[in-house]
Amino acid sequence: MTGKLTLIGCGPGAADLLTLRAMQRIKTADLILYDRLVDPEVLSFASPDSTLEYVGKGCGDGGRQQVDINARISEALTQGLTVARLKSGDPMVFGRASEELAIAVSRNAEIEIVPGVTSALAAASEWSIPITERAELQSFVVTTGKSSKDGKDPDWCSVVRPSVCAAFYMSVAQSWRIQTALMAKGVPGSLQCDWIENAGKPDVRHVSSRLDRLAMDAREHAVKNPAILIIRYPMSAAIADTGQASELA
């Protein structure tokens with residue numbers, strides 16, 4: 001007897017951004033495993049017969065480790081249960097989906113993925129920030145501010161390039177490293193940067209900055225996670241920077 005694993009994207013926070021499919025799958029789940037950032041209102045859609053278990057963790061609080069979550073999913077699937085794994089944003093974007101899907105595959109369980117509103121897109125929408133723009137921004141990239149276990153930073157400089165809009169997840173603590181890495185590679189310090197904190201929630205907050213003030217503004221305005229950092233590098237800024245460099249030469 002094998003169960004079913006459904007990875008459900010619950011969006012950035014607000015329950016009314018949930019899809020109809022997500023609501024239906026929550027209602028029919030036997031076991032619901034939910035993260036810290038899932039709106040409590042979302043849990044109200046669960047059946048009275050469902051078991052709800054919190055498996056989230058905050059920065060520095062330990063929380064439930066992924067290995068424990070994987071074990072719980074494995075146990076429930078072996079029992080033939082329908083497991084709804086609720087994640088903020090979209091489950092396939094920095095949601096450790098691959099690890100949990102591997103558990104379902106190893107148990108020959110049915111798998112379904114219900115996409116959610118990606119947090120980066122919700123953050124941009126909150127403050128009417130276009131992530132693509134004709135002749136200015138041709139690409140949109142999501143990346144992480146977190147370093148790998150060996151302490152190596154992501155290659156941010158390959159992401160933040162002319163005509164690209166980049167959204168950084170989990171980047172508040174790394175704001176100084178991001179700022180210095182990009183400026184050391186010649187990215188203009190005048191680039192507009194936006195922090196959107198608690199996107200999709202009533203207490204959403206926006207902090208406007210620029211690359212050469214990124215870390216200072218994050219500290220002065222006490223930006224806290226969950227926050228998305230959006231850096232736009234329009235072609236016009238690249239052309240202007242090249243022109244200034246030519247004049248100085």
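**A walk through the model**

Modeller: Let us begin with a pair of neighbouring strands: strand 8, which covers residues 192–197, runs antiparallel to strand 9, and six bridges join the two. Please keep in mind that this is a predicted model.

Colleague: Which residue stands opposite Q192 in strand 9?

Modeller: That is R210, which faces Q192 from strand 9.

Colleague: And what order do the strands of the open sheet follow?

Modeller: The open sheet has five strands in the order 6-7-10-8-9, and their pairing is mixed. Its edges are strand 6 (139–144) and strand 9 (205–210), each of which pairs on one side only. From one strand to the next, the twist averages 20°.

Colleague: Which strands does helix 5 touch?

Modeller: Helix 5, made of residues 119–126, packs on the sheet and touches strand 6, strand 7 (164–169), strand 8 and strand 10 (227–233), while its direction makes about 70° with that of strand 10.

Colleague: Changing topic, how many disulfides does a search of the whole structure find?

Modeller: It finds zero disulfides. For C157, the nearest cysteine sulfur is that of C193, 13 Å away, and for C193 it is that of C165, 10 Å away.

Colleague: Is C193 buried or exposed?

Modeller: C193 is buried, with a relative accessible area of 0%, and C157 also counts as buried, with a value of 19%.

Colleague: What about salt bridges, how many are there?

Modeller: The search of the whole structure gives 14 salt bridges. In one of them the side chains of K4 and E112 meet, at 2.9 Å from N to O. This pair links distant parts of the chain, since K4 lies in strand 1 (residues 4–9) and E112 in strand 5 (residues 110–114), 108 residues apart.

Colleague: Why does K4 count as buried?

Modeller: K4 counts as buried because its relative accessibility is 16%, which falls under the 20% cut-off. E112 is buried too, with a relative accessible area of 14%.

Colleague: Where do D35 and R85 sit?

Modeller: D35 is in the loop between strand 2 (31–34) and helix 2 (40–43), and R85 is in strand 4 (residues 82–87), 50 residues apart. The two form a salt bridge whose closest N and O atoms are 2.8 Å apart.

Methods: Residues are numbered from 1 along each chain as its sequence is written. This is a predicted model: local features need pLDDT of at least 70, side-chain atom pairs count only at pLDDT 80 or more; totals for chains, interfaces and linings use all residues. Side-chain values use heavy atoms; hydrogens and water are left out. Two strands pair if DSSP finds at least two bridges between them. Helices (H or I, at least four residues) and strands (E, at least two) are DSSP runs, numbered from the N terminus. Axes are lines fitted to C-alpha atoms, for helices over the stretch in contact, and angles run from 0 to 180 degrees between N-to-C directions. Contact means heavy atoms within 4.5 Å. A disulfide is a pair of cysteine sulfur atoms within 2.5 Å. Buried means under 20% relative accessible area, exposed over 50%, partly exposed in between (1.4 Å probe, protein chains only). A salt bridge is a side-chain nitrogen of Lys or Arg within 4 Å of a carboxyl oxygen of Asp or Glu.
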